[in-house]
Amino acid sequence: MLLVPCPYCGPRNSVDLRYGGESQPRPDPATATPEQWRGYLYRRDNPADWLRENWYCRSGCRRWFTVERNTATNEFRHPPMPGDKRGGKA
Amino acid sequence: MGSLGRRLGRGPAKYSAAALVWRGLRGGQWPRIWRDAELKRSYDAVIVGGGVHGLATAYYLARNHGIKDVAVLDKAYLGSGASGRNTAIVRANYLTPEGVAFYDRSLQLYNTMATDLNINVMFSERGHLTLAHNDSSLRTMHWRAEVNKLQGVDSSVIGPDEIKKVAPSLDTSSHPRYPILGALYHPPGGIVRHDAVVWGYARAADCMGVEMHQKTEVLDILCEGGDGTDGKGPGGRVVGVRTSRGDISTPVVVNCTAGWASLISAMAGVRLPITTHPLQAAVTEPVKVFLPTVVVSGSLHVYISQTDRGELVFGAAVDPVATYSIRGSLEFTEELAGHVLELMPGVSRMRLLRQWSGLCDMTPDYSPVMGFTGVDGFLVDVGWGTYGFKAAPVSGEQMAEAVATGRTPELIAPFALSRFDTGELVGEKGAAAVGH
């Protein structure tokens, strides 16, 4: 079980949220080549280290947010403040 | 291959009933089944990962292609990763024609493995039941049965009455919340002793001169000519490996890791379509044999088999969050127990002995990533998700052919890394996993 720091609801059990995966910059759909777009869709850094990732607080505030988590230890850091627009929809 | 030991003049290393009696009377230790060697400065090929995939690749390189100057490197001990943590199920009842052909070849190799490797892998061909609890999964079962039959794989859809005959302990009544409506029955499926497969491949590869190096961690892959930093990345080529025991020069590196596939590939500048998730499994105390087949329920996220020792082995879906931590969780045990009892109310008094987890490299289409990568000399055999053990023999055979010939064998062509650039995915989610 993970205790995920939702910036709006505070620490929540991970089963209350939906995991949205790595937060990567989205290429511009108007100019991206199919290869770039598929790279964004499928390829992942998948580090055993700190990772920026998206979560959806489905049983609480029902908002998406971005946090950093160490994938080797499952420690979270820098929960973003309300109003922080990083990440957006995953 | 029945005379591995004799042929290589290493004394009575062959396993047989006579050898057992002779050793039993004479006493003393059995010889170690693979040697420890000094790490050389150069090899024809280096395989990263000493699990079933890496060892099988080394074995087939030596046996089928005569490439024996091979080192298998593992940062821990042989079989310490997914090879020693899986639930040991083998089957070929997949959904896509590419998948069925591939896993069927693997099953054939498992069938003759005991004689090929002269080791008892305890292959128990006991049949495999995939339960359907709703109309849509029943439809997928029919689909799989038809694809299987077309390729000559024995699968059929059976109803609750026949299920009751095959596995009487299952509750086929209409009482459960998710009643059993039917099942895909696949008689050639079964279970294999996973550790014996690791040891068998290691012993046979060792006999032919392959070196296994345990506690040898790969720190970097040395490349030149690539687009990225230090000559890594597409367009470059592999020149060596930096390990915790020194540098090795080699023209070929095969990444056969599970759990660390992304990290090893990143060392060569290759970015994979993989996220790493833990999968939890559990085992009960042993009881008398009552479950004659492997039972799988996709809707209930569980698969069950009874070992020859009598323990029930349970597996589940991967945990939803990508992580390299393999800590178990209480939610897993609770959910597992609830679902198993829904299928088999009779086991309510059985106690769990332990639970564990292993790392699974999940790909977007639930098919593996095999073959060449764009970096010359760097090959991958990764992305094995929750289905790596059953694919080990054929993966080794095909990867060895790719290394030896420099061409992608037909059987693994659909699983090339480039399919994620062209969008030609091989969707196996309907048959490869229980978590959907």
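**Close-up 1. Helix α6 of chain B against strands of the sheet.** Helix α6 (residues 135–150) of chain B lies across β4 (128–132), β5 and β6 (182–186) of chain B, and runs at about 25° to β6(B). Contact here means that the C-beta atoms of two residues, placed from the backbone, lie within 7 Å, and helices (H or I, at least four residues) and strands (E, at least two) are DSSP runs numbered from the N terminus. Axes are lines fitted to C-alpha atoms, for helices over the stretch in contact, and angles run from 0 to 180 degrees between N-to-C directions. The model is a predicted one, in which local features need pLDDT of at least 70 and side-chain atom pairs count only at pLDDT 80 or more, whereas totals for chains, interfaces and linings use all residues. Residues are numbered from 1 along each chain as its sequence is written, while chains are lettered from A and ligands numbered from 1 in the order in which they are written.

**Close-up 2. The open sheet of 8 strands in chain B.** With mixed pairing, the strands of chain B follow the order β5-β6-β4-β14-β15-β16-β13-β17, two strands being paired if DSSP finds at least two bridges between them. Because β5 (156–158) and β17 (352–362) of chain B stand at the edges with a single partner strand each, one side of each is left without a neighbour in the sheet. Neighbouring strands of this sheet are turned against each other by 20° on average, direction ignored.

**Close-up 3. Strand β16 of chain B and its partners.** Strand β16 (residues 312–318) of chain B pairs with β13(B) in the antiparallel sense over 4 bridges; B:A281 has B:G315 as its bridge partner, and B:L279 has B:V318. Strand β15 (residues 302–306) of chain B also runs antiparallel to β16(B), joined to it by 5 bridges, and the partner of B:V302 in β16(B) is B:A316. β15(B) and β16(B) form a hairpin with 5 residues between them, and B:G310 in the turn has a positive phi of about 100°. β16(B) is mostly covered, with 7 of its 7 residues buried; a residue is buried if 20 or more other C-beta atoms lie within 10 Å of its own, exposed if 12 or fewer, and partly exposed in between, with C-beta atoms placed from the backbone.

**Close-up 4. The crossing of helices α4 and α11 of chain B.** The axes of helix α4 (residues 97–111) and helix α11 (residues 392–405) of chain B come within 7 Å and cross at roughly 105°, which makes α4(B) roughly perpendicular to α11(B), a term used for angles of 65 to 115 degrees. From α4(B), B:F102, B:R105, B:S106, B:L109 and B:Y110 meet B:P393, B:V394 and B:E397 of α11(B). By class, this contact has 5 nonpolar, 1 polar and 2 charged residues, where Ala, Val, Leu, Ile, Met, Phe, Trp, Tyr, Cys and Pro count as nonpolar, Asp, Glu, Lys and Arg as charged, and the others, Gly among them, as polar.

**Close-up 5. The largest nonpolar core.** A nonpolar core is a set of buried Ala, Val, Leu, Ile, Met, Phe, Trp, Tyr and Cys residues joined through C-beta atoms within 7 Å. Of the 130 residues in the largest one, B:V46, B:L55, B:V70 and B:Y201 touch the most other members, and helix α3 (residues 52–65) of chain B supplies the largest share, 8 residues. Leaving aside neighbours within four places in sequence, B:L55 is in contact with B:G50, B:V72, B:L78, B:V198, B:Y201, B:A202 and B:A205. A second, separate core of 8 residues includes A:L2, A:L17, A:F65 and B:A322.

**Close-up 6. The contact between chain A and chain B.** Chain B gives 20 residues to this contact and chain A gives 17 residues. On the side of chain B that touches chain A, the elements giving two or more residues are α9 (261–266), β13 (275–284) and α12 (419–422) of chain B. By class, that side of chain B has 10 nonpolar, 7 polar and 3 charged residues.

**Close-up 7. Residue A:N13 in strand β2 of chain A.** A:N13 lies in strand β2 (residues 10–13) of chain A and is exposed, with 12 other C-beta atoms within 10 Å. Not counting residues up to four places away in sequence, A:N13 touches A:M1 and A:L3. The C-alpha atoms of A:N13 and A:M1, 12 residues apart along the chain, are separated by 6.8 Å.

Technical notes: Angles under 35 degrees count as roughly parallel, over 145 as roughly antiparallel, 65 to 115 as roughly perpendicular and the rest as oblique.
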